[in-house]
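Please read the following report alongside the sequence and the structure.

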Amino acid sequence: MLSKNNEYDVIIIGGGATGAGTARDCAMRGLKTLIVERLDFTAGATGRNHGLLHSGARYASTDKESAEECIKENMILRRIASHCVDETDGLFITLPEDDLNFQKSFVEACLQSGIKADIIDPKEALLLEPSVNPELIGAVRVPDGSIDPFRLTISNIVDAQRHGADVLTYHELTDFIFDGTSIVGVKLHDKAGNRTVEYRSKVTINAGGIWGYKIAKMAGATVNMMPSKGSLLIMGHRINNMVINRCRKPADADILVPGDTVCVIGTTSTKVPHEEVDLIRPTADEVDILLREGEKLAPALAYTRILRAYSGVRPLVASDDDPSGRSISRGIVCLDHETRDGISGFITITGGKLITYRLMAEWATDLACKKLGVNAKCQTADICLPGSEKHKDDNAPHTTAYKAAESRHGSLTNKITTGDNYSDSLICECEGVSVGEVNYAINELHVHNMINLRRRTRVGMGTCQGELCSCRAAGLLANSHGCSQRAKEDLASFLNERWKGIAPIAWGESLSEAQFTSWIYEGVCGLSLTNNEDIQ
Amino acid sequence: MDKKIALNISTSNFEQCLKCTICTVYCPVSAVNPDYPGPKQAGPDNERMRLKNADFYDKSLKHCLNCKRCEVACPSNVKIGDIIQAARIKYSTDKPKLRDMILANTDIVGTMASTFAPIVNTVVGMKPVKMIMDKTLAIDHHRTFPKYSSQRFESWYKKQAADQDKFDKHISYFHGCYVNYNFPKLGKDLVKILNAIGYGVHLLEKEKCCGVALISNGLIDQAKRQALLNTESIRKSVKEQGRTVLGTSSTCIFTLRDEYHHLLDIDNEDIKDGIELATRFIFRLIDSEDVKLAFRDDYKARIAYHTPCHMEKLGWAIYSTSLMRMIPGVQLTMLDSQCCGIAGTYGFKKENYEVSQKIGETIFKQIETLQPDFVATDCETCKWQIEMSTSVEVQNPISIIADALDVEKTMKLNKVNL
């Protein structure tokens, strides 16, 4: 499957949205491409954010350049990634405690950046979005939306592969291969095979997000990155159908984003040292802040079940010493280490945001092409991603699971076996994931374990957080890799991973549910969950 | 601030589901119809999806009988049946068919049919007519329509009304369509018992069909109009006249008390406790030693009691059975509590006939094995189903009490002098 001589034009390090997007762009421009990821796709910041399709309005007042990039990419993604996008629109609301004067300058800044921003009557806002705080005194409607980063990333990977790219997950960079001052390849630790492998390339692109700091360091370059931790909460169901933001200077817990069957309140912002980026967890204080402030956006938040809490690290490139990490530019940083540090064949693409991943990929690929002397135009803004291609709706009455699968895989749903009782039976009842969908993911979407499967399908992301679906999914995985012991260990570590996110909000129904889950697996099935590392 | 709110504990009832799936185990439909996703999925699971996108409404929700056995089974108190019915009301785009309107409008159909009772009874009982109804209206030809009575209960009552004022204590009687059009004897039996213990029986100022069939057939606006009218009449009786409203049908009473509030959004909290099943009312009077019943020595019967679904939901079967057990000559057996399959108008529909009979199968077998003198149950549609599907006659507990009652002795015991 992989290149015969392990030789590529370009190797991309990092399987987040940016890396996946860069792999797609490179492959589409005819470059022989390999993307490597130390864990699973979307395991870093890509899978740990709001899933907000920014209109750019939030940055309009402070960072016009970012705002303009946002709105432009926002419109592109609606077109090329329609199956990952929910065009909900968003509201920026002013509450009695906020300064209504901010609204005027906010709208002006939006319009200057090309972002549609309509001041609407608070009563109209309540009609549009009944969950919004009824005490609001002002509202602006903007073209915000939500985007599913898991689908977006895997769709880029699928397309990169269609264009000939090779893909390696669970391969961690251990060293670069130098030829003088040029980087000519990478040494990787293959975690499954527990061996070291080498791949050579003319250009290596560092798309490691916050981990890009260490990757650059390994190459001998210093990128001044500042890890900024943000925590978020996932609520049990969709409270709101429009994104709700506070119309004021960005602060804690001021965005509520509806995404698929849930909604997400976030975020906080805390500076963390580089050594801790793999260890971050939401704290009790952060949960308190998120609930206290979130309730002001939508009072229903106060009496809605919380599914879990999680934290991500923003890969901000520090340009000043702002301690909150918020007024830092969200702009894209594309570094040519040849001109900057004298290391040829090495590029770092960082900064930016989820929504500008495509533009970041374009910049990095432009630079790679320049280095390789390839003259090919970027087409990623024009050609739809797999899943977002136009497909016929046969108007047949579909099962709930089929409808749910279609909302996740778009036009690729036709790859899912359906129509017989076994394939149509449900693995995950909360999210409507069928046997057919799980098998499709296992066979075609780089699924090696339960966590991979969750990111590709939403198995275990629903109300029960794996209580009913995980044993069924583990069974299908065992069928596929043929090792029930491995499946059992995978099941235990998956349940522990689920608990990790429940622990910070473990009260009420979520605690009862977790207790019921442990009773089923530990009590009834005799599965040992306690030997696992991730238990607090 | 509410303590509950501060703790962020969900008040969205569907989120209290812990996915234990006990409801699906107890669902009579899930057991026999693989097309129905079961209460857990149809209710709390899919509610999340419907909140995401109304397109996730699944037409198979029409298979729900609204028996509420899922709610009885749920250890987390999730109103699963209500969630499913509410989703049907909110999202279903299916228009009720002519057949559904005929079955649901028990009032109008009852008025017409009882006027021409002998003709109607003969005609709808004829095989060719049953076949025509089967083919044109999709009302299953296996079904036997309940016979209509020539004299309505209301007409009979008018002649008794004056006598009822002579009593010291009074109640109102929500007779329902069945007693009015099909089986006035049940109403007369109730009057007999209540008079014997010193209660005068009165009708509500206005009474319309409780609307249970309108709700299940999707005629929500009409159901709401009737519910409002009934609720006003009941309020007047309970609040102004101080008269508890009694019924002899568990489904009517359940609808008036609970479904009006849960499904039709009618606020009746203030009068809910004033709506009672007659057996419960009488049992509690006896239990508090306010009244006594005396029974005939020569009354002997082997009775099997069938718990209607709504009786199970109300938790009131114990009142009807305890009352019957007071009769010295009664030997009472409890049948397994499970749905008989009729679910009001559901079983009359051709497309549901097979499922309906499958659901009731084990209970029919149990009855045939026991061979009781008769089956007792508090619901008229259960009666039709069991009588059609077994060789045993079915009676309402009130009729059994009335038959076994020694009226003179009871009047004496309660010092009723007229």
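## A helix pair in chain A

In this predicted model, helix α1 of chain A passes helix α10 of chain A in a right-handed crossing. Helix α1(A) covers residues 17–28 and helix α10(A) covers residues 357–372, and their axes come within 8 Å and cross at roughly 50 degrees. That angle makes α1(A) oblique to α10(A).

On the side of α1(A), the contact is made by A:Ala17, A:Thr18, A:Gly21, A:Thr22, A:Arg24, A:Asp25 and A:Cys26. On the side of α10(A), the residues that take part are A:Tyr357, A:Arg358, A:Met360, A:Ala361, A:Glu362, A:Ala364, A:Thr365 and A:Ala368. Sorted by class, the residues of this contact between α1(A) and α10(A) are 7 nonpolar, 4 polar and 4 charged.

## A helix pair in chain B

## Strand pairing in chain A

Strands of a sheet pair through backbone hydrogen bonds, and the pairing may be either parallel or antiparallel. In chain A, an open sheet is formed by 3 strands in the order β3-β8-β4, with antiparallel pairing. The edge strands of this sheet are β3(A), at 52–53, and β4(A), at 85–86, each of which pairs on one side only.

Between β4(A) and β8(A), the latter formed by residues 145–147, there are 2 bridges, and these two strands run antiparallel. Within this part of the sheet, A:Asp86 stands opposite A:Ser146 of β8(A).

## Strand pairing in chain B

In chain B, strand β1(B), residues 169–174, is joined by 5 bridges to strand β2(B), residues 199–203, and the two run parallel. Strand β1(B) is also joined to strand β3(B), residues 245–247, by 3 bridges, and this pair runs parallel.

Which residue of β2(B) does B:Ser172 stand opposite? The residue opposite B:Ser172 in β2(B) is B:His202, and in β3(B) the bridge partner of B:Ser172 is B:Val245.

## Domains of chain A

The domain assignment of chain A gives domain 1 as 7–45 + 150–224 + 331–372, domain 2 as 85–147 + 226–312, and domain 3 as 400–524. The C-alpha centres of domain 1 and domain 3 of chain A lie 30 Å apart, and the contact between these two domains takes 9 residues from domain 1 and 8 residues from domain 3.

On the domain 1 side of this contact in chain A, the largest share, 3 residues, comes from helix α6(A), which covers residues 149–162. The residues on that side of domain 1 of chain A divide into 5 nonpolar, 2 polar and 2 charged.

## Domains of chain B

For chain B, the domain assignment gives domain 1 as 3–91 and domain 2 as 301–404. Taken over C-alpha atoms, the centres of these two domains of chain B are separated by 27 Å, and 10 residues of domain 1 are in contact with 11 residues of domain 2.

Helices α3(B), at 28–32, and α5(B), at 69–73, each supply at least two residues of the side of domain 1 of chain B that touches domain 2. Of the elements on this side, α5(B) gives the most, with 3 residues. By class, this side of domain 1 of chain B has 5 nonpolar, 2 polar and 3 charged residues.

## Where the two chains meet

How many residues of chain B are in contact with chain A? There are 24 residues of chain B in contact with 28 residues of chain A. The elements that give two or more residues to the chain B side are α1(B), at 3–6, and α4(B), at 39–52.

The largest share of the side of chain B that touches chain A comes from α4(B), which gives 7 residues. Divided by class, the residues on this side of chain B are 8 nonpolar, 7 polar and 9 charged.

Note on methods:
Residues numbered from 1 in each chain as written. Chains lettered and ligands numbered in written order. Predicted model: local features only at pLDDT ≥ 70, side-chain atom pairs only at ≥ 80, totals over all residues. Pairing = 2+ DSSP bridges. Helix = DSSP H or I, 4+ residues; strand = E, 2+ residues; numbered from the N terminus. Axes fitted to C-alpha atoms, helices over the stretch in contact; angles between N-to-C directions. Parallel < 35°, antiparallel > 145°, perpendicular 65-115°, else oblique. Left-handed = near helix turned anticlockwise from the far one by under 90°. Contact = placed C-beta atoms within 7 Å. Nonpolar A, V, L, I, M, F, W, Y, C, P; charged D, E, K, R; others polar. Domains from an automatic or database assignment.
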